[in-house]
Amino acid sequence: MSTLSTSITYDDTTSLILMTLRGRVNAEDVVNVYQIANDYAKVHNSSKILIDLSDVEHCFAAIDIVDFMPKVAHYLRDFTVARVVGFEGYMHDLFLQKARRYNVNAENFECFKSAKQWLCNL
């Protein structure tokens, strides 16, 4: 069951889309979140998304990533994505591995500051 809380804002000073997720997410939530990020970034003419997933619990199997990654990649193909994932990395690492297979420019970070710095230096 999903209990997802989402916050999304645009930082004018850095031209970054900042998104924070909390709670339990299922595979459908993952696709929906990246669609929301895509739509919001296009409205603000931004190509950089920072998404904080450090308070997210995955409620889906690892194999589900293979199934939903084509949809996620479609939403992220025009963006650079920094993902704050904390230290529970298995699912996040698998996500990143599959994203790269679809040529999505994304990186995982353990802290918000380093993720933001990476995006701002591009």
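Ala, Val, Leu, Ile, Met, Phe, Trp, Tyr, Cys and Pro count here as nonpolar, Asp, Glu, Lys and Arg as charged, and the others, Gly among them, as polar. By these classes, the lining of the largest cavity has 13 nonpolar, two polar and two charged residues. The model is predicted, with local features needing pLDDT of at least 70 and side-chain atom pairs pLDDT 80 or more, while totals for chains, interfaces and linings use all residues. Residues are numbered from 1 along each chain as its sequence is written, and side-chain values use heavy atoms, without hydrogens and water.

**The cavity**
- One cavity of 30 Å³ or more is present; a cavity is a set of points on a 1 Å grid over the protein atoms alone where a 1.4 Å probe fits but cannot get out, and its lining residues have an atom within 4 Å of a point.
- Two or more lining residues come from each of β2 (16-25), α1 (27-43), β3 (48-58), α2 (63-76) and α3 (90-101); helices (H or I, at least four residues) and strands (E, at least two) are DSSP runs, numbered from the N terminus.

**Helix α1**
- After α1 comes Asn45, with a positive phi near 55°.

Notes
On a 1 Å grid over the protein atoms alone, a cavity is a set of points where a 1.4 Å probe fits but cannot get out, and a pocket is an open set with protein on both sides within 12 Å along at least five of seven lines; lining residues have an atom within 4 Å of a point. Grid points are joined across faces, edges and corners, and a volume is the space filled by probe spheres set on the points.
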